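Reader: Could you walk me through reading a ligand site? Let's take the contacts as they come.

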Amino acid sequence: MFVLKLLLKNAFRHRLRTLLTMVGLIVAVCAFGLLRTIIDAWYAGAEGTSSTRLVTRNAISLTFVLPLNYADRVRRVEGVTGVSWSNWFGGVYITERNFFPQFAVEPASYLALYPEYILPEAEKKAFLLDRQGAVVGRKLANQYGWKVGDQIPLRGTIFPGTWTFTLRGIWDGVDARTDEAQMLFHWKLLSENLRARGGQNADHVGVYIVGIDEPNNAPLISQRIDAQFKNSLAETLTETEKAFQLGFVSMSEAILVAVNAVSYVIIVIIMAVMANTMMMTARERLAEYATLKALGFPPAFVVKLLFGESLVIALGGGILGMLLTLPLAAAFAKAVGTLFPVFVVSDTTMLLQLAASVTVGAIAAAWPAWKMSRIDIVNGLRHVG
Amino acid sequence: MSVTGDGGAGQTLIRIRNLSKAYVRGEQFIPVLQGLDLDVRRAEFVALMGPSGSGKSTLLNLVAGIDKPSGGSIIVGGVDIATLSEGALADWRAAHVGFIFQFYNLMPVLTAFENVELPLLLTTLSRRERKAHVAAALDMVRLTDRVDHYPNELSGGQQQRVAIARALVTDPTLIVADEPTGDLDRVTGGEVLDLLDDLHRQLGKTIVMVTHDPKAAGRAERMVHLEKGVLVPDPAPGAV
Ligand SMILES: Nc1ncnc2c1ncn2[C@@H]1O[C@H](COP(=O)(O)OP(=O)(O)OP(=O)(O)O)[C@@H](O)[C@H]1O
Ligand SMILES: [Mg+2]
């Protein structure tokens with residue numbers, strides 16, 4: 001089509017200018033995508049949750065524990081299908097910088113509640129049988145080069161001493177949202193250690209994980225559980241796993257809001273840069289647009305040319321930026337290791353990148369298109385020479 | 001003062017009556033054309049002459065429908081183009097006017113062929129018909145060997161020939177040319193004038209040409225002199 005040919009030729013008339021504009025777009029769209037992916041990674045813990053799991057914790061705060069004997073009473077609550085428990089361990093592997101979460105859990109019931117952790121049957125069996133055993137997610141194993149059978153020493157920060165675990169299994173996540181950056185080991189090991197030291201928390205757990213039959217009944221079941229322990233020494237607070245995880249994210253909400261704002265500011269900046277470029281380009285071609293109008297082309301034709309050209313440049317840069325985001329995100333994920341258990345560029349992010357490119361192209365062309373479609377032919381023709 | 005054509009009403013293509021044009025710049029009122037009357041016959045070749053700033057281009061632009069008068073009427077082929085809306089005027093230009101500019105005004109990103117094809121996009125012609133028309137127009141200006149060249153690969157004279165092909169490809173009623181030889185040397189300018197002559201004699205086109213060059217004006221059938229926005233009578237042939 002003639003119009004398409006004309007606007008494509010126009011777009012690449014000043015090679016260097018178009019190239020530089022595209023580079024700007026690539027950088028902006030890429031940065032936008034990476035920042036959005038970082039935000040997503042922050043919320044990944046909440047995104048990867050199951051709607052059939054509740055978390056019951058001490059009503060005062062997470063730092064307060066719950067008695068082990070609550071387990072039976074929770075299990076008897078109507079709608080509950082399974083109960084497990086976990087304690088935050090907070091150990092250090094070699095150096096503080098190697099951060100990853102470790103939980104002391106009741107293994108059989110815990111793994112039953114987390115079907116998204118795909119663990120070979122043999123490894124699962126070996127783990128259940130070995131009180132010193134541990135299992136980790138694939139990402140964590142890759143990060144430190146662990147293989148099944150390896151000894152993993154952790155220096156306790158909450159629970160003193162060096163704790164050495166034998167790696168009995170490595171799980172793969174059922175999909176990209178599954179956390180593969182944790183370590184699980186036997187709660188009994190922790191409990192017995194505490195008892196041996198005469199600690200009073202030996203028969204206490206950090207949180208209960210509660211499986212339920214019907215996600216829609218989550219509020220009702222939560223109420224029933226909490227009602228069980230009303231007016232007891234340790235009152236409970238039960239919420240969905242998602243709400244529980246979001247509770248952690250909300251602590252860093254302010255940073256996330258800032259990162260979010262910056263991601264959009266970048267787009268606004270490139271929009272301004274590109275609008276300026278388009279205006280400059282359009283001005284240089286004033287006489288050409290005037291000639292087209294003299295020949296009888298309607299203002300809409302000029303509008304079409306400018307929008308088309310702007311969109312070609314914006315989409316060109318935008319799509320290259322999107323393509324570049326994927327390897328960059330992968331490299332970033334590798335560099336930060338297990339800091340972000342899940343770091344993937346989501347479809348939503350890519351859609352937003354595309355939308356941002358189109359918006360930049362359209363808005364950059366809007367003002368020049370409006371101006372050029374309204375130029376006075378006689379005045380415009382004077383700009384030759 | 002009026003200089004009107006001597007042909008019968010049926011032969012008159014352009015009938016300008018009491019035409020005035022003035023520019024307003026802030027407080028300033030700049031009259032350019034005042035109460036001008038002019039008739040141009042169908043198939044006539046008219047040269048518009050006069051000192052710089054006398055309003056030649058302004059008059060030509062009004063006749064070509066790319067400018068609007070402050071008063072009066074411009075009836076071309078029975079249509080008073082002064083009363084047309086902008087959109088209707090654009091359609092009218094596409095159908096009836098061919099433009100030749102001093103600086104050619106070709107699209108630099110389009111080849112000679114594509115430049116000539118451009119005005120045909122506003123017609124209902126098929127792709128094949130367009131190609132045939134373009135080929136014929138380029139043949140008329142004797143540029144068939146340069147069809148794939150871009151304007152910056154052509155000499156000034158060649159560019160103006162492309163522009164002439166573009167002006168005639170739609171087979172317009174009227175061709176307007178504002179100093180078509182103004183940027184060319186005598187020989188090349190002469191070739192361009194030869195082509196305009198061909199358009200007039202062979203194709204029977206009505207041509208209104210603005211020029212400073214008396215020699216160029218001599219190629220026309222009739223000279224019209226403009227001075228300070230009014231037409232002055234043509235000095236009698238031979239009179240000094
Ligand atoms: N947009 C404008 N605003 C104000 N005055 C204008 C404008 N356009 C033209 N004029 C004035 O109108 C007058 C006639 O201009 P025009 O271009 O028609 O002259 P011309 O006879 O074609 O001159 P030249 O031979 O130099 O091309 C000039 O005095 C010019 O300054
Ligand atoms: Mg002029």
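Reader: How far does a polar side-chain atom of Lys56(B) lie from an oxygen atom of ligand 1?

Author: A polar contact is a pair of N or O atoms within 3.5 Å; within protein, one must be able to donate a hydrogen and the other to accept it, and residues adjacent in sequence count only if both atoms are side-chain atoms. Here, Lys56(B) has a polar side-chain atom 2.7 Å from an oxygen atom of ligand 1. Ser57(B) also places one 2.7 Å from a ligand oxygen, and for His212(B) the distance is 3.2 Å. The protein covers 71% of the 640 Å² of accessible area that ligand 1 has on its own (Shrake-Rupley method, 1.4 Å probe; for residues, only the protein chains shown count as cover).

Reader: And what are these values based on?

Author: This is a predicted model, where local features need pLDDT of at least 70, side-chain atom pairs count only at pLDDT 80 or more, and totals for chains, interfaces and linings use all residues. Side-chain values use heavy atoms, without hydrogens and water; residues are numbered from 1 along each chain as its sequence is written, with chains lettered from A and ligands numbered from 1 in the order in which they are written.

Reader: How many residues surround ligand 1?

Author: A residue is near a molecule if one of its heavy atoms lies within 4 Å of it. For ligand 1 that shell has 15 residues, with Arg382(A), Ser52(B), Lys56(B), Ser57(B) and Thr58(B) the closest. Ligand 1 lies between chains A and B.
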